[in-house]
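Visitor: Please take me through the aromatic rings of this protein, with the cut-offs behind each term.

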Amino acid sequence: MNPNINIMKRIFISILLTCVALGSIAQNELQKCMDNLPPARLVGTDSEQGHDRLDSLYNLHIMIYELPYNSHSDKLYADGVIKGILLAYNKDLPLHTGGFCSSNLLRTWDAIKSRTIQMYYGENLDPFTVGGKGRNYALLRTNSKQNPNYRSVHGIEWWLDTSNKLMIRSFRLFGPLSAELYQNALRQAGIAKDERNIVATDNQGNTVPITLLPSNKKEMLQAINVMKEMYKMSKKGKEDPYNRAIVSAINERIQAYLSLDATTEEKIELFRILNDIPEYQVQVSTADGNHWKRNSFGWLADIYPQLDIFCVTWAVPGNPECVTPGLDGTPQPLNFLYQVIVNNEDLESVK
(Lines give C-alpha, C1' and ligand atoms only; values in the text may rest on other atoms or scores of the structure.)
Protein backbone atom coordinates (compact mmCIF):
# COMPACT_ATOMS: atom_id res chain seq x y z
CA MET A 1 0.00 0.00 0.00
CA ASN A 2 1.18 3.53 -0.74
CA PRO A 3 2.81 4.93 2.45
CA ASN A 4 1.22 8.33 1.80
CA ILE A 5 -2.21 6.70 1.95
CA ASN A 6 -1.29 5.18 5.34
CA ILE A 7 -0.27 8.60 6.63
CA MET A 8 -3.47 10.21 5.41
CA LYS A 9 -5.51 7.45 7.05
CA ARG A 10 -3.74 8.04 10.34
CA ILE A 11 -4.47 11.78 10.16
CA PHE A 12 -8.11 11.08 9.45
CA ILE A 13 -8.34 8.60 12.31
CA SER A 14 -6.63 10.98 14.76
CA ILE A 15 -9.15 13.72 14.04
CA LEU A 16 -12.03 11.28 14.08
CA LEU A 17 -11.03 9.71 17.41
CA THR A 18 -10.28 13.05 19.00
CA CYS A 19 -13.49 14.76 18.01
CA VAL A 20 -16.40 12.52 17.08
CA ALA A 21 -19.34 13.84 15.09
CA LEU A 22 -18.37 17.51 14.85
CA GLY A 23 -21.29 18.01 12.50
CA SER A 24 -23.88 16.78 14.98
CA ILE A 25 -26.14 18.94 17.13
CA ALA A 26 -24.30 18.07 20.37
CA GLN A 27 -23.10 21.08 22.33
CA ASN A 28 -19.99 19.72 24.01
CA GLU A 29 -17.53 18.70 21.32
CA LEU A 30 -14.46 19.61 23.39
CA GLN A 31 -15.55 17.13 26.05
CA LYS A 32 -15.80 14.49 23.32
CA CYS A 33 -12.22 15.27 22.35
CA MET A 34 -11.16 14.75 25.96
CA ASP A 35 -13.04 11.47 26.22
CA ASN A 36 -11.56 10.17 22.97
CA LEU A 37 -7.88 10.79 23.62
CA PRO A 38 -6.10 7.43 23.06
CA PRO A 39 -6.36 5.36 26.29
CA ALA A 40 -3.14 3.51 25.47
CA ARG A 41 -1.27 6.82 25.76
CA LEU A 42 -2.55 7.64 29.28
CA VAL A 43 0.45 8.09 31.61
CA GLY A 44 -1.06 9.74 34.70
CA THR A 45 -4.20 10.87 36.50
CA ASP A 46 -5.03 13.23 39.35
CA SER A 47 -8.38 13.72 41.05
CA GLU A 48 -9.80 15.62 44.02
CA GLN A 49 -13.37 16.11 45.21
CA GLY A 50 -15.04 17.46 48.34
CA HIS A 51 -17.73 19.65 49.87
CA ASP A 52 -17.00 23.16 51.07
CA ARG A 53 -18.58 25.01 54.00
CA LEU A 54 -21.55 25.95 51.82
CA ASP A 55 -22.10 22.19 51.28
CA SER A 56 -21.38 22.77 47.61
CA LEU A 57 -19.40 20.20 45.68
CA TYR A 58 -16.02 21.11 44.24
CA ASN A 59 -13.83 18.83 42.16
CA LEU A 60 -10.84 18.62 39.86
CA HIS A 61 -10.08 15.69 37.54
CA ILE A 62 -6.91 15.52 35.41
CA MET A 63 -5.71 12.95 32.86
CA ILE A 64 -2.26 13.16 31.25
CA TYR A 65 -1.38 11.60 27.90
CA GLU A 66 1.90 11.20 26.02
CA LEU A 67 2.14 11.03 22.22
CA PRO A 68 5.34 10.39 20.21
CA TYR A 69 6.49 13.40 18.21
CA ASN A 70 9.62 12.26 16.39
CA SER A 71 8.84 10.81 12.97
CA HIS A 72 6.94 12.56 10.22
CA SER A 73 3.93 10.30 10.67
CA ASP A 74 3.99 10.84 14.48
CA LYS A 75 3.85 14.58 13.97
CA LEU A 76 1.03 14.35 11.42
CA TYR A 77 -0.98 12.22 13.83
CA ALA A 78 -0.38 14.51 16.81
CA ASP A 79 -1.11 17.63 14.74
CA GLY A 80 -4.37 15.99 13.67
CA VAL A 81 -5.32 15.54 17.33
CA ILE A 82 -4.62 19.22 18.00
CA LYS A 83 -6.60 20.26 14.92
CA GLY A 84 -9.57 18.28 16.24
CA ILE A 85 -9.29 20.05 19.62
CA LEU A 86 -9.28 23.49 18.00
CA LEU A 87 -12.24 22.64 15.75
CA ALA A 88 -14.20 21.45 18.79
CA TYR A 89 -13.32 24.56 20.82
CA ASN A 90 -14.45 26.93 18.07
CA LYS A 91 -17.70 25.01 17.66
CA ASP A 92 -18.45 24.98 21.40
CA LEU A 93 -17.41 28.52 22.34
CA PRO A 94 -20.68 30.34 21.47
CA LEU A 95 -22.59 27.86 23.64
CA HIS A 96 -20.63 28.56 26.85
CA THR A 97 -20.22 31.48 29.24
CA GLY A 98 -16.66 32.03 28.07
CA GLY A 99 -13.48 30.41 26.88
CA PHE A 100 -9.75 30.80 26.30
CA CYS A 101 -7.54 29.32 23.60
CA SER A 102 -3.84 29.62 22.78
CA SER A 103 -2.21 27.50 20.07
CA ASN A 104 1.38 28.22 19.00
CA LEU A 105 4.20 26.34 17.25
CA LEU A 106 5.35 23.25 19.11
CA ARG A 107 9.04 23.57 19.90
CA THR A 108 11.32 23.30 22.92
CA TRP A 109 13.70 26.04 21.77
CA ASP A 110 12.52 29.66 21.90
CA ALA A 111 9.06 28.44 22.95
CA ILE A 112 6.28 31.01 22.89
CA LYS A 113 4.84 32.00 26.28
CA SER A 114 1.05 31.87 26.37
CA ARG A 115 -1.19 33.87 28.70
CA THR A 116 -1.57 32.20 32.10
CA ILE A 117 -5.18 31.39 33.05
CA GLN A 118 -6.16 30.67 36.65
CA MET A 119 -9.31 28.77 37.66
CA TYR A 120 -10.34 28.71 41.31
CA TYR A 121 -11.94 25.42 42.31
CA GLY A 122 -11.88 24.76 46.07
CA GLU A 123 -11.52 26.29 49.50
CA ASN A 124 -7.93 26.50 50.82
CA LEU A 125 -6.64 25.15 47.50
CA ASP A 126 -4.36 26.93 45.04
CA PRO A 127 -6.12 27.93 41.81
CA PHE A 128 -5.67 25.46 38.97
CA THR A 129 -3.50 27.12 36.31
CA VAL A 130 -2.79 26.52 32.62
CA GLY A 131 -0.52 28.34 30.21
CA GLY A 132 3.02 29.67 30.31
CA LYS A 133 6.15 29.12 28.23
CA GLY A 134 5.59 26.50 25.55
CA ARG A 135 2.08 25.71 26.83
CA ASN A 136 -1.02 25.69 24.61
CA TYR A 137 -4.60 25.22 25.71
CA ALA A 138 -8.30 25.34 24.88
CA LEU A 139 -10.80 25.62 27.71
CA LEU A 140 -14.48 26.48 28.16
CA ARG A 141 -16.24 27.94 31.20
CA THR A 142 -19.92 27.66 32.12
CA ASN A 143 -21.50 29.49 35.04
CA SER A 144 -23.73 27.39 37.27
CA LYS A 145 -27.44 28.20 36.94
CA GLN A 146 -28.09 26.87 40.43
CA ASN A 147 -25.30 28.86 42.11
CA PRO A 148 -24.09 32.10 40.47
CA ASN A 149 -20.86 32.01 42.52
CA TYR A 150 -19.76 28.69 40.96
CA ARG A 151 -18.84 27.46 37.51
CA SER A 152 -17.54 24.43 35.65
CA VAL A 153 -14.45 24.47 33.44
CA HIS A 154 -13.20 21.79 31.07
CA GLY A 155 -10.37 21.83 28.60
CA ILE A 156 -7.09 20.49 27.26
CA GLU A 157 -3.52 21.76 27.61
CA TRP A 158 -0.63 20.52 25.47
CA TRP A 159 3.10 21.10 25.16
CA LEU A 160 6.26 19.54 23.74
CA ASP A 161 8.68 18.19 26.37
CA THR A 162 12.46 18.04 26.09
CA SER A 163 12.39 14.41 24.91
CA ASN A 164 10.24 15.36 21.92
CA LYS A 165 7.02 13.89 23.22
CA LEU A 166 3.71 15.70 22.97
CA MET A 167 2.19 15.94 26.45
CA ILE A 168 -1.57 16.43 26.67
CA ARG A 169 -3.37 17.24 29.91
CA SER A 170 -7.17 17.13 29.92
CA PHE A 171 -9.00 18.59 32.92
CA ARG A 172 -12.46 19.15 34.35
CA LEU A 173 -13.23 21.19 37.44
CA PHE A 174 -16.17 22.68 39.30
CA GLY A 175 -15.95 25.26 42.05
CA PRO A 176 -16.25 28.96 42.95
CA LEU A 177 -15.52 31.57 40.29
CA SER A 178 -12.94 33.15 42.60
CA ALA A 179 -11.77 33.05 46.18
CA GLU A 180 -13.31 36.52 46.69
CA LEU A 181 -16.76 35.47 45.52
CA TYR A 182 -16.60 32.32 47.65
CA GLN A 183 -15.81 34.37 50.75
CA ASN A 184 -18.68 36.69 49.90
CA ALA A 185 -21.04 33.69 49.62
CA LEU A 186 -19.88 32.55 53.07
CA ARG A 187 -20.64 35.97 54.51
CA GLN A 188 -24.06 36.06 52.89
CA ALA A 189 -24.81 32.65 54.38
CA GLY A 190 -23.74 33.87 57.82
CA ILE A 191 -20.89 31.33 57.95
CA ALA A 192 -18.04 33.82 57.83
CA LYS A 193 -17.84 37.18 59.52
CA ASP A 194 -17.82 40.16 57.17
CA GLU A 195 -14.65 41.77 58.44
CA ARG A 196 -14.95 44.52 55.84
CA ASN A 197 -18.25 45.94 57.09
CA ILE A 198 -16.14 48.67 58.70
CA VAL A 199 -12.76 48.77 56.98
CA ALA A 200 -11.35 52.02 58.34
CA THR A 201 -12.14 55.67 58.81
CA ASP A 202 -12.24 58.27 56.08
CA ASN A 203 -10.18 61.47 55.99
CA GLN A 204 -12.67 63.19 58.33
CA GLY A 205 -12.48 60.41 60.89
CA ASN A 206 -15.85 58.85 60.01
CA THR A 207 -16.27 55.08 59.88
CA VAL A 208 -16.59 53.84 56.30
CA PRO A 209 -18.84 50.82 55.62
CA ILE A 210 -18.21 48.45 52.74
CA THR A 211 -21.30 46.29 52.58
CA LEU A 212 -21.86 42.76 51.32
CA LEU A 213 -21.70 42.18 47.59
CA PRO A 214 -24.92 43.47 45.97
CA SER A 215 -27.02 40.97 44.06
CA ASN A 216 -27.74 43.00 40.91
CA LYS A 217 -25.73 45.03 38.42
CA LYS A 218 -27.32 48.40 39.26
CA GLU A 219 -26.39 48.12 42.93
CA MET A 220 -22.88 46.95 42.01
CA LEU A 221 -22.32 50.04 39.86
CA GLN A 222 -23.60 52.30 42.63
CA ALA A 223 -21.25 50.66 45.13
CA ILE A 224 -18.27 50.99 42.76
CA ASN A 225 -19.09 54.68 42.27
CA VAL A 226 -19.15 55.32 46.01
CA MET A 227 -15.94 53.43 46.70
CA LYS A 228 -14.22 55.08 43.73
CA GLU A 229 -14.76 58.49 45.30
CA MET A 230 -13.55 57.18 48.67
CA TYR A 231 -10.35 55.95 47.04
CA LYS A 232 -9.76 59.13 45.05
CA MET A 233 -10.28 61.34 48.12
CA SER A 234 -8.03 59.27 50.37
CA LYS A 235 -4.80 60.94 51.39
CA LYS A 236 -3.33 57.66 52.55
CA GLY A 237 -0.67 55.78 50.60
CA LYS A 238 -1.57 53.18 48.02
CA GLU A 239 -0.38 50.33 50.28
CA ASP A 240 -2.32 51.56 53.31
CA PRO A 241 -4.81 48.89 54.53
CA TYR A 242 -7.68 51.37 54.06
CA ASN A 243 -6.93 51.83 50.35
CA ARG A 244 -6.10 48.16 49.79
CA ALA A 245 -9.48 47.20 51.27
CA ILE A 246 -11.30 49.63 48.97
CA VAL A 247 -9.45 48.38 45.88
CA SER A 248 -10.19 44.77 46.84
CA ALA A 249 -13.89 45.58 47.28
CA ILE A 250 -14.05 47.41 43.93
CA ASN A 251 -12.31 44.54 42.14
CA GLU A 252 -14.64 41.99 43.72
CA ARG A 253 -17.64 43.89 42.37
CA ILE A 254 -16.11 44.27 38.90
CA GLN A 255 -15.59 40.52 38.65
CA ALA A 256 -19.06 39.77 39.99
CA TYR A 257 -20.60 42.28 37.53
CA LEU A 258 -18.84 40.72 34.54
CA SER A 259 -19.77 37.18 35.65
CA LEU A 260 -23.47 38.11 35.37
CA ASP A 261 -23.24 38.16 31.54
CA ALA A 262 -23.58 41.92 31.19
CA THR A 263 -24.71 43.30 27.83
CA THR A 264 -22.43 45.50 25.71
CA GLU A 265 -24.25 48.61 26.95
CA GLU A 266 -23.90 47.51 30.57
CA LYS A 267 -20.19 46.82 30.15
CA ILE A 268 -19.65 50.26 28.61
CA GLU A 269 -21.46 51.80 31.59
CA LEU A 270 -19.07 49.96 33.91
CA PHE A 271 -16.02 51.05 31.87
CA ARG A 272 -17.01 54.72 32.14
CA ILE A 273 -17.31 54.44 35.91
CA LEU A 274 -13.86 52.83 36.14
CA ASN A 275 -12.25 55.40 33.84
CA ASP A 276 -10.75 57.76 36.43
CA ILE A 277 -9.71 55.35 39.19
CA PRO A 278 -5.91 55.50 39.65
CA GLU A 279 -3.95 52.46 38.45
CA TYR A 280 -6.92 50.90 36.62
CA GLN A 281 -5.84 50.08 33.06
CA VAL A 282 -6.93 48.24 29.92
CA GLN A 283 -4.87 46.25 27.43
CA VAL A 284 -6.33 45.35 24.03
CA SER A 285 -4.30 42.93 21.94
CA THR A 286 -4.79 41.04 18.68
CA ALA A 287 -5.24 37.27 18.79
CA ASP A 288 -1.87 36.73 17.09
CA GLY A 289 -0.15 38.76 19.82
CA ASN A 290 1.56 41.08 17.32
CA HIS A 291 -0.34 44.25 18.19
CA TRP A 292 -1.47 45.66 21.53
CA LYS A 293 -2.42 48.94 23.18
CA ARG A 294 -2.64 50.07 26.79
CA ASN A 295 -5.05 52.82 27.77
CA SER A 296 -7.84 53.87 30.12
CA PHE A 297 -11.28 52.36 30.65
CA GLY A 298 -12.78 55.48 29.06
CA TRP A 299 -10.85 54.72 25.88
CA LEU A 300 -12.15 51.16 25.96
CA ALA A 301 -15.72 52.42 26.37
CA ASP A 302 -15.33 54.57 23.24
CA ILE A 303 -13.93 51.79 21.01
CA TYR A 304 -15.73 48.78 22.52
CA PRO A 305 -18.48 48.52 19.85
CA GLN A 306 -15.79 48.29 17.14
CA LEU A 307 -13.99 45.35 18.72
CA ASP A 308 -14.42 41.79 17.48
CA ILE A 309 -13.76 40.22 20.87
CA PHE A 310 -12.16 36.77 21.04
CA CYS A 311 -11.86 36.50 24.82
CA VAL A 312 -11.46 38.60 27.97
CA THR A 313 -9.59 38.14 31.23
CA TRP A 314 -8.26 40.36 34.00
CA ALA A 315 -5.50 40.55 36.59
CA VAL A 316 -5.63 41.89 40.15
CA PRO A 317 -2.89 42.70 42.70
CA GLY A 318 -0.88 39.57 43.48
CA ASN A 319 -1.00 38.43 39.85
CA PRO A 320 2.36 39.05 38.11
CA GLU A 321 0.48 40.36 35.05
CA CYS A 322 -1.10 43.19 37.06
CA VAL A 323 1.65 45.67 36.21
CA THR A 324 2.39 48.40 33.70
CA PRO A 325 5.73 49.60 32.26
CA GLY A 326 7.07 52.58 34.22
CA LEU A 327 8.92 55.55 32.77
CA ASP A 328 12.20 53.71 33.16
CA GLY A 329 10.73 50.50 31.72
CA THR A 330 10.49 48.65 35.03
CA PRO A 331 7.09 47.09 35.88
CA GLN A 332 4.91 49.20 38.16
CA PRO A 333 2.02 47.62 40.12
CA LEU A 334 -1.57 48.28 39.09
CA ASN A 335 -4.83 47.96 40.98
CA PHE A 336 -6.60 46.23 38.08
CA LEU A 337 -5.71 45.26 34.50
CA TYR A 338 -8.52 44.38 32.10
CA GLN A 339 -7.20 42.29 29.18
CA VAL A 340 -9.16 42.08 25.93
CA ILE A 341 -8.04 39.82 23.06
CA VAL A 342 -9.65 40.66 19.72
CA ASN A 343 -9.92 39.17 16.25
CA ASN A 344 -9.32 42.63 14.71
CA GLU A 345 -6.17 42.41 12.59
CA ASP A 346 -5.10 46.02 13.06
CA LEU A 347 -5.71 48.15 16.13
CA GLU A 348 -4.63 51.35 14.35
CA SER A 349 -7.99 51.49 12.57
CA VAL A 350 -9.82 51.32 15.90
CA LYS A 351 -10.28 54.86 17.16
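Guide: The charged end of Arg135 sits over the ring of Trp159, 3.7 Å from its centre, where sitting over a ring requires NZ of Lys or CZ of Arg within 6 Å of the ring centre and within 35 degrees of the ring normal. The model is predicted, so local features need pLDDT of at least 70 and side-chain atom pairs pLDDT 80 or more, while totals for chains, interfaces and linings use all residues. Residues are numbered from 1 along each chain as its sequence is written, and side-chain values use heavy atoms, leaving out hydrogens and water. Arg107 likewise has its charged end over a ring, that of Trp109, 4.7 Å from the centre.

Turning to ring pairs, a search of the whole structure finds 10, a pair being rings of Phe, Tyr or Trp (its six-membered ring) with centres within 6.5 Å, stacked if the planes are under 30 degrees apart, edge-to-face if over 60 and tilted otherwise. Tyr150 and Phe174, with centres 5.8 Å apart and planes at 25°, are therefore stacked. Because Tyr150 lies in strand S7 and Phe174 in strand S8, this pair ties together parts 24 residues apart in sequence; strands (E, at least two residues) and helices (H or I, at least four) are DSSP runs numbered from the N terminus. Tyr150 is buried at 0% relative accessibility, whereas Phe174 is partly exposed at 23% (buried is under 20% relative accessible area, exposed over 50%, partly exposed in between, with a 1.4 Å probe and protein chains only).

Phe271 and Tyr338 form a tilted pair, 5.4 Å centre to centre with 55° between the planes, linking helix H7 to strand S16 across 67 residues.
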